[in-house]
Amino acid sequence: MTDIPLATLSASAPRRAFGVAVLFALGLILILIPLRQPPGAIWYGLMVLFGIGAIVLGEALRRATSATLILTPTDLREDTGRVLAVLADVSKVNRGSFAMKPSNGFTLEMKSPQQRIWAPGLWWSIGRRVGVGGVVPSPQARIMAEKIEELISAQQV
């Protein structure tokens, strides 16, 4: 009964493709520029290093955004089984305009510190905050945040 999905959240295909393409293109440009007009040795190394970093980040974004977030009555998790937040540990949901949150998403304030993890473009966890959003559709994220608020208020009563 606790594994019944109340809401799901997955990356928007056009935003996901655009984000990955931009990072791969940036990486290729940063690697190709020094090959065409070689600058000094230090600049060459830095540009190639940043180019490789952008490509690695693009691949991390591609892998992370292939997951789907699932809200159950007890927790928020990835479809792979990784638990982002246990709802009994959530104290507040921030989704206002001026809240520090990912794009198109929301932030969960937790009662206890969480493990530091980052799934680029989908979610992150630092200290007592779990941020959900990035390349996700805003309406899906809003619905999920509202359902989490409902579940938290039901637990407090």
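**A loop residue and its surroundings**

Guide: Let's begin at Asn104, which is found in the loop between β5 and β6. Helices (H or I, at least four residues) and strands (E, at least two) are DSSP runs, numbered from the N terminus. This is a predicted model, where local features need pLDDT of at least 70, side-chain atom pairs count only at pLDDT 80 or more, and totals for chains, interfaces and linings use all residues. Residues are numbered from 1 along each chain as its sequence is written, and side-chain values use heavy atoms, leaving out hydrogens and water.

Most residues other than glycine have a negative phi. Asn104 is not a glycine, yet its phi is positive, at about 60°. Its relative accessibility is 24%, so Asn104 counts as partly exposed; buried means under 20% relative accessible area, exposed over 50%, and partly exposed in between (1.4 Å probe, protein chains only).

Now step from the loop to the strands beside it. Ile148 touches Leu71, Leu76, Leu87, Val93, Phe106 and Leu108, leaving aside residues up to four places away in sequence; contact here means heavy atoms within 4.5 Å.

Elsewhere in the chain, helix α1 (residues 13–36) packs with helix α2 (residues 41–64) at an angle of about 165°, their axes being 8 Å apart. That makes α1 roughly antiparallel to α2, a term for angles over 145 degrees on a scale that runs from 0 to 180 degrees between N-to-C directions. The residues of their contact divide into 19 nonpolar, 4 polar and 3 charged. Asp, Glu, Lys and Arg count as charged, Ala, Val, Leu, Ile, Met, Phe, Trp, Tyr, Cys and Pro as nonpolar, and the others, Gly among them, as polar.

Finally, the whole chain: it has 3 helices and 9 strands, in the order β-α-α-β-β-β-β-β-β-β-β-α. Of its 157 residues, 36% are buried. Its C-alpha atoms fill a box of roughly 65 × 30 × 30 Å, taken along the principal axes.

Terms used
Angles under 35 degrees count as roughly parallel, over 145 as roughly antiparallel, 65 to 115 as roughly perpendicular and the rest as oblique.
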